[in-house]
Structures are given as structure tokens and as C-alpha cells.
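Reader: Could you walk me through how to read a fold from its strands and helices? I would like the general idea each time, and then the case at hand.

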Amino acid sequence: MFQKTVVVDFTGMNDWAKDQLRALSREVVFYDDFPKDTAEVIRRIQDADCVMVSYNTLIPREAIEAAPNLRYIGMCCTLYNEKSANVDIAAAREWGIVVTGIRDYGDVGVYEFAVASLVDLLHGFHGKQWRERPYELGGIKVAMLGMGTTGQLVAKALQFFGCSVRYYSRHPKPEAEAEGFSLCPLEEILPWAEVVVTQLPKKTALLGRREFQLLGDGKILLNMSIGPTFDLDAIKEWLRRPGNFYICEDVGILGTEGEWDGFDNVIYSPVCAGSSVQCTQRLSEKSIQNLLDFIKGK
């Protein structure tokens with residue numbers, strides 16, 4: 001049992017999970033907003049021994065060192081690697097604090113958003129249309145940049161609708177190859193593609209001026225990552241050229257809010273694709289299971 005658990009921001013955990021936290025701690029404090037700076041984070045967690053946090057809030061070294069009782073940080077979000085994490089895991093490790101994260105909880109909603117957004121733009125169902133005449137998904141050439149769990153779900157769905165799908169990744173994905181998806185170098189896949197889907201770790205800016213030049217015009221970029229996957233100036237230059245579109249939702253816009261004024265070819269949906277009832281249930285179950293495993297010494 002913990003002495004004090006602090007849910008430092010809005011994590012998306014459901015009521016069942018909150019009841020579980022109350023059962024595992026003498027005191028639980030819930031915050032349903034996002035701290036504006038590190039000083040506010042410190043104020044919230046300084047006397048906690050357990051902290052739960054979403055991907056929206058940074059837990060830097062300064063905050064970790066200001067919480068002497070802290071034993072456990074539960075990230076209610078994907079922990080892909082230390083570089084992309086919003087928690088300073090190296091600092092936590094130095095202080096003997098365990099950090100856990102979850103995976104594969106919002107993938108279904110994300111790939112449904114990807115398919116729905118592309119169909120909408122190809123057909124012009126809501127006013128904006130890719131080309132002069134409507135297009136079906138069948139035969140569209142799609143480049144997947146990043147082929148993790150979500151990337152493979154998107155790829156399989158688009159393949160089902162008849163898209164020609166190839167992928168780029170730092171390492172080959174045997175399970176993707178078994179489904180018929182070919183690994184291609186970046187300099188080959190970008191000119192070939194009509195649609196590019198980025199599903200990359202947070203803080204991975206893969207597309208710069210060179211990559212947008214290779215991609216060319218009359219293309220669609222669909223970002224399904226947390227935050228931008230590109231150099232901001234480079235994509236703005238690309239979007240000023242004819243026939244190019246950028247699609248993202250509330251998670252993908254992270255860090256670029258207010259940058260798209262005047263760009264009619266940016267299609268932004270102010271909702272989180274991974275926030276369905278089912279997603280919230282998976283997030284809650286996995287976050288609580290990580291906590292129970294920690295208590296059991298696993």
C-alpha cells in the first residue's frame with residue numbers, strides 16, 4: 001500500500017481504476033487538469049510516493065529530486081523508450097524509482113480514424129477533396145513510416161481496402177513482411193507514395209526539407225503519432241505548394257497548436273482518436289496491472 005498517490009493530470013483512467021487506486025493507497029489526490037510548469041508539478045507530487053501521469057505532463061529531473069518519498073511513477077501512456085518518454089527515466093533510475101508505461105491500448109481508435117479521414121478527403125465528403133474527382137482507397141499507394149502495432153493495424157486495414165502498402169522502418173519487421181508489406185528505403189518510398197502515414201515514437205522528427213522534396217506534390221501526409229513527425233518550417237513550405245494535405249487529430253497536433261492559421265489544406269480533428277470507451281478500459285486495466293505488479297515485486 002502507498003501512503004500518498006497523486007494522479008498529477010488528466011490520465012483518462014475510468015472510475016473503476018480510480019477506485020482501485022483508492023484501495024491501494026491511504027490517500028489519493030486526483031487532478032483533472034494539466035500543470036502549467038515544473039513548479040506546479042513539484043507542488044503536486046513533492047510528498048507523494050506514487051505518481052500516475054499522462055503523456056501530456058513532463059516529469060523532469062527537478063521534479064523527481066523534489067519528491068524524496070517517490071517510489072513509483074505509472075505512465076498511463078505508451079513508454080516506447082527513454083528518449084521519447086515525458087518522464088526523466090534516467091533520473092528516476094538514479095533515485096531507485098520504478099517507471100512503467102503501457103502499450104497497445106488506443107490502437108483500434110487510431111486506425112479507424114486513419115481510414116475514416118482518408119476516405120473523407122479522397123471523396124470530399126465534408127468539403128475538402130484531394131483531387132478534382134473523388135477517389136476510392138483501392139489502388140492508392142501508401143507509405144507507412146513506422147510499423148509498430150498501430151502502424152501494422154493501419155497498414156492491414158488499408159490493404160483490405162485495396163491500397164498498395166509499403167513501409168519504412170529502422171529495422172525490418174518480419175511480421176509485416178509475412179503480411180506482404182515490403183520494407184523500402186526512405187529515399188525510394190517517399191517519391192513512390194501518394195499517401196504517407198507516420199506512426200513514430202514521440203519526439204521523432206523524420207521529415208525535413210529533403211524528405212518533403214522527395215515526397216513531391218499532390219500528396220497526403222497523415223500523422224498518427226504523438227506530436228509532430230516533421231520539421232515545422234519544412235512542412236509549411238510543402239503545404240504552400242499545390243495539392244498537398246496534412247491530416248492529424250488532437251494527439252498529433254501536440255506542440256504545434258496555433259501554427260496552422262491560413263492553411264486550408266490542414267485537416268485537424270480536435271478529438272483524441274484513442275479515447276473511446278474501449279480504449280479507456282484498456283488504459284485503465286493496464287495501468288492498474290502495472291501498479292499491482294510493482295506492489296507484488298514483479
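Reader: Let me start with a detail: which residue in β10 does V197 stand opposite?

Author: V197 stands opposite L222 in β10. A word on sources: this is a predicted model, where local features need pLDDT of at least 70, side-chain atom pairs count only at pLDDT 80 or more, and totals for chains, interfaces and linings use all residues. Residues are numbered from 1 along each chain as its sequence is written, and side-chain values use heavy atoms, with hydrogens and water left out.

Reader: What joins strand β9 to strand β10?

Author: Strands (E, at least two residues) and helices (H or I, at least four) are DSSP runs, numbered from the N terminus. Two strands pair if DSSP finds at least two bridges between them. Here 4 bridges join β9 (residues 195-198) to β10 (residues 220-223), and the two run parallel.

Reader: In what order do the 7 strands form the sheet?

Author: The order is β8-β7-β6-β9-β10-β11-β12, in an open sheet with parallel pairing. At the edges are β8 (182-183) and β12 (266-269), each pairing on one side only. Helix α6 (residues 149-160) packs on this sheet and touches β6 (141-145), β7 (164-168) and β9. Touching is contact, meaning heavy atoms within 4.5 Å. The direction of α6 makes about 170° with that of β6; axes are lines fitted to C-alpha atoms, for helices over the stretch in contact, and angles run from 0 to 180 degrees between N-to-C directions.

Reader: And how do I read a pair of helices, say α5 and α6?

Author: Two packed helices are described by the angle between their axes and the distance between the axes. Helix α5 (residues 107-123) packs with α6 at an angle of about 40°, their axes 9 Å apart. That makes α5 oblique to α6, because angles under 35 degrees count as roughly parallel, over 145 as roughly antiparallel, 65 to 115 as roughly perpendicular and the rest as oblique.

Reader: Which residues make that contact?

Author: From α5 come D107, V110, Y111, A114, V115 and L118, and from α6 come T149, T150, L153, V154, A157 and L158.
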